[in-house]
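Please open the model in a viewer and keep the selection panel at hand.

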Amino acid sequence: ATLAPALGLTALQRGEQWPAASIAGQAHYPAHIPLPLVSPIDCAGHGELLPAGPAETELALATAQQAFTQWRLVPAPQRGELVRRIGDRVRTHKHELAALITLEAGKIISEAEGEVQEWIDICDFAVGLSRQLCGLTMASERAQHRLQEQWHPLGVVGVISAFNFPVAVWAWNAMLALVCGNSVVWKPSEKTPLCALAATRLVQDVVAGFDAAPAGLLGLLQGGTEAGRQLAADRRVALLSATGSVRMGRAVAQTVAARLGRSLLELGGNNAAIVTPSADLDLALRGIVFGAAGTCGQRCTTLRRLIVHESVADALLARLQAAYASLRIGDPRLPDTLIGPLIDHAALQQMQLALTAAEAQGGTVRQGGGGITQGVPNTGAYVAPALVSMPAQTAIVHEETFAPILYILRYRDLDEAIAMQNAVSQGLSSAIFSNDVREVEQFIGPAGSDCGLANVNAGTSGAEIGGAFGGEKDTGGGRESGSDAWRAYMRRATNTINYGSTLPLAQGVKF
Ligand code: UN1
């Protein structure tokens, strides 16, 4: 796996941040430790990238702040026009960008293309939205008065994203932020810097050709936790949108909250599906296998717990074992592969530790779980996705292990199943497979699933961009992409307008 030729990127771009002017500063920061460029396909190093230091972060923030003061004055539909052009450009580079995602994140081709498609989709959504940033008009209690609200651009939006969606998560944030009149500074995962660089280059070309768009509208900071910490602490970052672990989110949220800033958090999931006696097992099987084994278990929406009614548990397990045995695992560049590698060997080790813990806690590995070295690029971290029967939701079941482990639990009545589903600290995605309207409505009702996403006869992963995406409890409460998620990227101003010649006071106050 060689990353260099992808999109014309070479090792010469080591140290490239955006704005490009910051590159000049690199030599003055010998303390910068280079980030290795590694493809999970073979885990070999293919070059290195110099991360941003405090000076680059400062420059990116100052530039973004300056860009914001201009961009907020551009009419929103014109801002939408920029995003329309970005979408057009991404369409023409879909396959190349997807190929880079495959190389750098290890996703199979179809899923990598799906990720780029999410970027294209959010562009279309944002273009429409650029004419629909609507506020309400309210009836005033005072004669010859009017109450209205306006939504104004917010400021610099900081985006911290994870390796598993190296482009799409930024795109959901950045495309909405752009039509909302904001500038963006992006700190991608240090495991996927080239995807971030490629995406930034694509948009920079479009920004450069768009007269109303100031340079520095979309900044990029490569680096580890330092740059992220700096974004969280800086008052110029009006909104910090962070995707990643609960531990990272807690740290970021506390720093942002200490300066009374706004954060939007998309943290861990520990997603469950309930399979009831009335479920269509063919349909459930597909949803479960894609959700649990797809993307090698590395989505925040990955299915991690299967809660099956005891009357169908044996039949479903047998079918799952057969399906898992047929999964083609290997080089994600090959068109037939369904399961690519884990991101690195540390992830493989975490998976193995979790399986050992599950067995110690009374679980039985029914299928998979071992590392694979035959028929794959043998220096990569390839694994057979695991099915593990558990007697109960023990400590390890409460943890999100970022690997393809599906814990299988049995239940007798639906109240018990829903209680199990809600018993974990995370609250991102959930699903029920059932053809019984009462079961379905109970599950999606107020005393049902406590997650931000609750699906019916569809798996936990693979959400469309049109809905608001995010979750409750330790998942962080943020909502991104569709519906009215745009409001998080704007500030609301309520205007009281008196068009009369007297000044009546509200609440009948005399003064
Ligand atoms: C993530 O894993 O961080 O619903 C996001 C899904 C994708 C997004 C996942 N659309 O699985």
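How many helices and how many strands does the chain have? With the chain shown as a cartoon, 13 helices and 23 strands can be followed. The model is a predicted one.

**Whole chain**

Begin with the C-alpha trace. Along its principal axes the trace spans about 80 × 60 × 40 Å. The radius of gyration of the chain is 24 Å, close to the 24 Å that the globule rule gives for 511 residues, so the chain is as compact as a globular protein of that length.

**Helices α2 and α6**

Next, select residues 76-92, which form helix α2, together with residues 193-208, which form helix α6. The two helices pack at an angle of about 135 degrees, and their axes are 9 Å apart. That angle makes α2 oblique to α6. The crossing of this pair is right-handed. To view the contact, display the side chains of Leu82, Arg85, Ile86, Arg89 and Val90 on α2, and those of Leu202, Val203, Asp205 and Val206 on α6. By class, the residues of this contact comprise six nonpolar, no polar and three charged.

**Helices α3 and α6**

The crossing of α3 with α6 is left-handed. On the α3 side, the contact is made by Leu97, Leu100, Ile101, Glu104 and Ala105; on the α6 side, by Leu194, Cys195 and Ala198. The contact of α3 with α6 divides into seven nonpolar residues, no polar residues and one charged residue.

**Helices α7 and α8**

Now select residues 225-233 for helix α7 and residues 246-258 for helix α8. The packing angle of α7 and α8 is about 30 degrees, and their axes lie 8 Å apart. The two helices are therefore roughly parallel to each other. Where they meet, α7 contributes Gly228, Ala232 and Ala233, and α8 contributes Val252, Thr255 and Val256. This contact has four nonpolar, two polar and no charged residues.

**The ligand**

Finally, centre the view on the ligand. Which residues surround the ligand? Select Ala162, Asn164, Phe165, Val169, Thr243, Arg299, Cys300, Thr301, Ser461, Gly462 and Ala463 to display them. Coloured by class, this shell shows five nonpolar, five polar and one charged residues.

Terms used. Residues numbered from 1 in each chain as written. Predicted model: local features only at pLDDT ≥ 70, side-chain atom pairs only at ≥ 80, totals over all residues. Near = placed C-beta within 6 Å. Nonpolar A, V, L, I, M, F, W, Y, C, P; charged D, E, K, R; others polar. Axes fitted to C-alpha atoms, helices over the stretch in contact; angles between N-to-C directions. Helix = DSSP H or I, 4+ residues; strand = E, 2+ residues; numbered from the N terminus. Parallel < 35°, antiparallel > 145°, perpendicular 65-115°, else oblique. Left-handed = near helix turned anticlockwise from the far one by under 90°. Contact = placed C-beta atoms within 7 Å. Rg over C-alpha atoms; globule rule 2.2 N^0.38 Å.
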